[in-house]
Amino acid sequence: MIKDLFTATVIIGIISSGIRLATPYLYAAIGEMFGQRSGVLNLGVEGQMLLGAFVAYFVVLRTESLLLAILAAIGVGALMGLAMGFVTIQLQATQGIAGIGFYLFGMGMSNLLFQKLIGVVENIDGFSAIKIPLLGDIPVIGEIFFRQNLLVYLAFLLVPLAWFVLNKTTLGLKIRAVGENPEAADSLGVNVALVRYFTVTLGGILSSIAGASLSVALLNVFQQNMTAGQGFIAVALVYFGSWRPFGILAGALLFSMVNALQLWIQVLGIPIPSELAVMLPYILTILVLTLSLTKGKGPSALTKAFEREG
Amino acid sequence: MEIRADQTNKTPFTSLQMRNVCKRFPGVLANCEVDFDVVSGEVHALLGENGAGKSTLMKVLYGMYKLDDGEIILNGQPVTIQNPTVAINHGIGMIHQHFMLVPTLTVAENVALGLPSSKGPLTDLDVVSERIVQLASTYNLKIDPSALIWQLSVGQQQRVEIIKALYRGASLLLLDEPTAVLTPQEVDELFLIMRQMTSDGYGLGFISHKLHEVVEISDRITVLRNGRKIGTQLTSAVTKQTLANWMVGREITFITSNDKMDQGEVRIDMQAVSCPSQRGTEGLRHIDLQIHSGEIVGLAGVSGNGQLELAEVVTGLRPIKEGRVLLDGEDITGLIPGQVTEKGLSYVPEERMKDGMIRDFNISENLILREHHKWPFSKKGFLRIPYINEHTDKLVEQFRIKTPSRMTLAKNLSGGNIQKVLLARELSRSPRAIVAAQPTRGLDIGASEYVHEQLLEQRKLGTAILLISEDLDEIMALADRIAVIYEGQIMDVLPRLTATKEDLGLLMAGVHPGETIQN
Ligand SMILES: Nc1ncnc2c1ncn2[C@@H]1O[C@H](COP(=O)(O)OP(=O)(O)O)[C@@H](O)[C@H]1O
Ligand SMILES: [Mg+2]
């Protein structure tokens, strides 16, 4: 039975769905990375994802417009990000605790809205695969990489884009400076609070899109608590990827491949207890984090509020 | 608001006046009716003890603190400086006491930070780098724009700070204790740069609490004490003694340990000690150092060259990789701090609030931290409160600790009194040896004097003392022999009577005097 895993179709299947499953990790973790590089730890990613997932799903259900769905997710994500910013930057609440609050809020709110507004699980028509002309016809490669949906392509484009913004723009320079030494940035006229509001809001938007990618592109359905810890794994991926976009890409792919593998194990009916298979990604999270703890430290000002004295 | 990088459209600096400046913090009047002025082409020094309000005055000028009262007049025009951006746009630059650099970024990135770029949203580090090299060559500074800040020495980092200010078109530069972190040679180099800047028409405000430096570099001197201006004088018209009296508010004598002591046996004996540092790299390398009974050995060096590691190795706080430490011939290598304490070693740590005391404990409790579990402080696990109170009162009196009561929490004491509590605890137990790390850092002259007297007193009693200090003057005043540490190695040990500041400075920079310096 195990050998069923090693046929060409299955391997292509695993890699192709692995790429697809990496999508929510990429959006959420890249967003979280921006926040952390500027010194804000957002543990509310999971909650932001759940709300984004619900809102996008709801809009598709009512309007059948995918564009409106994504715009709505962006709006909700921005609001959640701004709220997180207000609490941690303006009111200077402890970031970790505030994040847990936003997680619980997002989870509760999405549940409540789902029960009040919809109630029964209904499938929708979400983003469908787009075959890229020519590239999509290449055997194996085409199937794996170039017959995915729009949100998958955008997620992978986000990685080099994030790298570019962080390393080649004045905004990126400000973000890095604010996360390492906000006093120094402030003394040079950089508006520390503004930079942090920006990254936290961006993080909210990307987390929300991450949730939407689950509900209107990958699964085309909304279920209560459907993110199942992916938001927390996204936070872990930022550490795993040493706060770098391409490191995060590597981590996201590792996790999603393991996830895909475990799904295929269940599909093929390979006699490994399914509970064990489902646990794989989480066990991996813990292992990877333990091992990566020895690697470089994060931004020096991470979790530290900034206030100019006097 | 944007900072303008271009210096051409800034009006050249002619003069600055601060009049009647007042700045209050909760419970502290940091500046009170202070006048200070700088004209183009001069160094005006601001001299005063720690806490006199020097940094506050400069931070008000730089827009970091809002002034409560008073006015600032720049080039004849009254100005309001709400934040550093406004100050920068007025051509004011500041080199902070604690550098304002981002260690993980490059020199060029640090300089470019916060400035508009010639390439719009993209950074223009190539343009910035070119300009940095230009500016650096004007003042003979060697700076690699692509170097990461954390890889640079403290002296080099300071140059980056200067370049940063010049790049923003500063023509009035405020330097807050710029020499505190430098070797004597680096200080000379800094003074050269400062002289060239004044001859180019810059105005410089120079803060220091070191008399001889101020006298050497400045044209005029203003002395602050307790937030008030005591006086302003031409440097050429004032004596060191006057300045010192102005700073402290009374006659002071300069202490030195001129009396020759008969040295006893070797007390602390470090034999080829090596240990890793905080970062896991090599911290101490084959340290051989002996301290005799009745002797003060000063450990000089630029901070971060292994001083902390050395103190911790002797006191048992840090494991030793190779070598041995003996106390009176007895091997104490590998003992835990409690056991080392039992052997009669006392420690005055550099971070007195963090490593020496418990902030939220009162004086009584802090005084018995080391020996609370022993007779006469406790009996069968119960504290003997009446005895402890008596003990506290005795030490408070003996060590002249100024406190409302023995129940006052450590965190509510002033720096000088905190150090007195610590000394009281460490010295009252009649130690055989003392490791004192930066025992006067942050203290005012009066408290420093007191600490020095206490150390000399211990020396008379035959205690072996390792005095770790970054203040060469302190070491020259107290030590019998001076060891210089550089990158975890003892460069040399010189008798105080023959040591010169120049030689010590070279050693601190890792050069043996007489060796040719190669670049
Ligand atoms: N941000 C602040 N908040 C409260 N008190 C302060 C602050 N900065 C300085 N002080 C107090 O103001 C006084 C002057 O400090 P400072 O200007 O730093 O002195 P100096 O630079 O001369 O050593 C000190 O008593 C100090 O404790
Ligand atoms: Mg100061």
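I started at Gln454(B), which lies in helix α15 (residues 445–460) of chain B; helices here are DSSP runs of H or I with at least four residues, strands are E runs of at least two, and both are numbered from the N terminus. This is a predicted model, in which local features need pLDDT of at least 70 and side-chain atom pairs count only at pLDDT 80 or more, while totals for chains, interfaces and linings use all residues. Residues are numbered from 1 along each chain as its sequence is written, chains are lettered from A and ligands numbered from 1 in the order in which they are written, and side-chain values use heavy atoms, without hydrogens and water.

Is Gln454(B) buried or exposed? Gln454(B) counts as buried because its relative accessibility is 15% (buried is under 20% relative accessible area, exposed over 50%, partly exposed in between; 1.4 Å probe, protein chains only). I found Gln454(B) touching Phe399(B) and Leu427(B), leaving out residues up to four places away in sequence (contact: heavy atoms within 4.5 Å).

**Interface**

Next I looked up where chain A meets chain B. Chain A brings 22 residues to the contact and chain B 32. The rule finds one salt bridge across this interface (a side-chain nitrogen of Lys or Arg within 4 Å of a carboxyl oxygen of Asp or Glu). Arg176(A) pairs with Glu109(B), with the closest N and O atoms 3.0 Å apart. On the side of chain A that touches chain B, α6 (150–168), α7 (170–180) and α8 (182–187) of chain A each give two or more residues. α7(A) gives the most, six residues.

**Cores**

The largest nonpolar core has 155 residues (buried Ala, Val, Leu, Ile, Met, Phe, Trp, Tyr and Cys joined through side-chain atoms within 4.5 Å). Helix α2 (residues 45–63) of chain A supplies its largest share, eleven residues. Val107(B) is one of the residues with the most contacts inside this core. Beyond four places in sequence, I noted its contacts with residues including Ile132(B), Asp144(B) and Val160(B).

**Salt bridges**

Lys374(B) and Glu342(B) meet at 3.3 Å, N to O. They sit 32 residues apart: Lys374(B) in the loop between α12 (363–367) and β17 (378–379) of chain B, Glu342(B) in helix α10 (residues 337–342) of chain B. Lys374(B) is partly exposed at 27%, as is Glu342(B) at 47%. Lys354(B) bridges to Asp355(B) at 3.7 Å. Lys354(B) counts as exposed, at 62%. Shared partners join Glu342(B), Glu371(B), Lys374(B) and Arg429(B) into one network.
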